[in-house]
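Dear colleague,

Please find below the structure that I am handing over to you. My notes on what was found in it follow directly after.

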Amino acid sequence: MSRIGIIDLGIGNINSVQKALTALRIDSIVSADFSVLRTLDKLILPGVGSFAAASHALDVDERRPMLTELMHDKPLLGICVGMQLLATTGLEHGANPGLGVVPGSVDMLSTTQPLPHVGWNRVCVDQSSPLFANIPDGSYFYFTHSYAFTVEQQQHRLASTFYGVTFSSAVVNQRIYGVQFHPEKSQQFGLQLLRNFVELG
Amino acid sequence: MLCTRVIPIVLLDGFSVLKTQQFNVRRNLGSPITVVRIYNTRNVDELIILDIDASRQGRCIDLWTIRDVTEDCFMPLTIGGGITTIDDIRATLLAGADKVAINTQALMRPHFIREGAEQFGRQCMVVSIDYTLVEGVGWVFNRGIGQQQLRLLDWAQEAVAMGAGELLINCVDRDGMMQGPDLTTISLLRLHITIPIIYAGGVGQALDCADIIQAGAHAVAVSSVFHFTSITPDDCKAAMAQRGILVR
């Protein structure tokens with residue numbers, strides 16, 4: 001069984017993610033200590049809040065280069081703002097750098113629908129991926145956000161969602177994944193997605 | 001496309017679940033753990049838990065209780081009650097909340113909404129507004145500090161300007177009466193408010209939920225009928241679906 005690290009940047013609902021893994025009988029370690037994270041097999045990067053606050057959290061204690069180094073050899077799943085941080089740039093409260101591991105930018109959803117986009121919406125898979133194994137295409141997941149990821153290259157778009165406009169609800173670059181929705185709050189299929197990530201080869 | 005949410009509200013007095021009528025008459029409904037567990041097994045869209053005595057008693061909602069009730073709860077949670085500082089918000093999120101509901105502190109210091117939104121994103125900030133009707137016009141009411149000389153519409157617009165992510169609007173006159181919602185106010189707010197509006201107060205039958213959405217609310221919050229009748233969240237959704245409203 002993979003050993004899972006939940007990266008604690010002080011910006012996430014870390015406990016909800018860990019609780020979901022515990023319910024799946026998957027052990028995980030919450031840590032901000034890179035010497036600990038380095039010893040684990042896979043990493044989850046949760047995040048709640050603004051891109052700017054999250055980007056600033058990366059500037060503390062050399063986290064940015066260390067996280068980039070970890071992603072060279074470990075699969076990672078970014079959730080919500082954790083997903084957005086994978087982008088090159090974020091435009092919430094001014095332009096701030098992301099980790100740049102999935103080329104693209106994060107900007108406010110340009111939709112005529114009310115923002116934030118809160119609630120259950122369909123996630124339609126754009127390319128087959130083990131992350132969505134045993135999850136029917138078009139399943140509902142829980143979203144709560146106003147900003148969304150725009151990928152530079154279509155190959156990095158893993159799934160899409162429609163909210164007056166179609167946006168990337170999941171991104172991928174090799175073994176780095178990001179989901180805009182909250183799998184830890186999305187009941188049956190959310191738990192399945194977390195299980196899929198843990199079981200990735 | 002986004003589904004319309006049906007959101008059970010669970011009120012606490014610090015320890016037990018209770019339900020009020022017009023914010024006065026109280027009925028005790030036992031342990032929050034039991035109540036939340038039932039909603040969890042029913043796969044509800046979301047849950048709102050409010051400690052209605054916290055502000056007035058000068059404390060924050062008990063986070064041990066929240067940790068207990070969220071132990072095996074994998075649905076979105078909004079938590080409110082006596083949240084007055086950025087640290088309170090952070091602690092509430094860490095205890096398992098996805099969003100916080102702010103009522104009294106927002107009235108006392110509207111800038112708190114902005115500070116929370118800057119730190120945690122506006123999607124995290126649900127501004128909860130209770131109101132009473134005077135000759136058909138909504139005026140802001142607060143359990144702790146009483147009736148305010150502030151129109152509901154004015155306060156709702158200021159809350160949005162300050163960075164609220166959603167509004168939870170609760171009609172005191174309809175609270176716990178199960179005799180129908182205040183559709184007029186919903187329609188008025190919808191004309192002026194651009195963020196999601198969650199309406200609570202007065203649902204007595206499943207079709208009321210459809211009326212609330214068709215009047216302009218984005219989500220409906222329900223308490224009494226789930227506690228005291230056999231109507232379930234799924235019944236509400238079935239009634240909404242019959243009217244062509246997209247539900248999960």
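**Backbone and contacts**

Gln174(A) sits in the loop that joins β12 (166-173) to β13 (176-179) in chain A; helices (H or I, at least four residues) and strands (E, at least two) are DSSP runs, numbered from the N terminus. The model is a predicted one, in which local features need pLDDT of at least 70 and side-chain atom pairs count only at pLDDT 80 or more, while totals for chains, interfaces and linings use all residues. Residues are numbered from 1 along each chain as its sequence is written, and chains are lettered from A and ligands numbered from 1 in the order in which they are written.

Gln174(A) is not a glycine, yet its phi is positive, near 55°. Gln174(A) is exposed, since 10 other C-beta atoms lie within 10 Å. Here a residue is buried if 20 or more other C-beta atoms lie within 10 Å of its own, exposed if 12 or fewer, and partly exposed in between, with C-beta atoms placed from the backbone.

Cys80(A), also not a glycine, has a positive phi of about 55°. Cys80(A) lies in the loop between β4 (76-79) and α5 (81-84) of chain A. Cys80(A) counts as buried because it has 31 C-beta neighbours inside 10 Å.

A further backbone feature is the cis peptide bond from Leu115(A) to Pro116(A), with omega near 0°. Pro116(A) belongs to the loop between β7 (104-108) and β8 of chain A. For background, most residues other than glycine have a negative phi, and most peptide bonds are trans.

I turn next to the contact between the chains. Chain A gives 29 residues to the contact and chain B gives 29 residues; two residues are in contact if their C-beta atoms, placed from the backbone, lie within 7 Å. On the side of chain A that touches chain B, the elements giving two or more residues are α1 (14-23), β8 (117-125), β9 (139-145) and α6 (187-199). The largest share of that side, 5 residues, comes from β8(A).

In chain B, strand β10 (residues 166-171) holds Cys171(B). Cys171(B) is buried, with 24 other C-beta atoms within 10 Å. Leaving aside neighbours within four places in sequence, Cys171(B) is in contact with Tyr131(B), Asp182(B), Thr185(B), Gly201(B) and Gly202(B). From C-alpha to C-alpha, Cys171(B) and Thr132(B) are 6.0 Å apart in space, although 39 residues apart in sequence.

Yours sincerely,

A colleague
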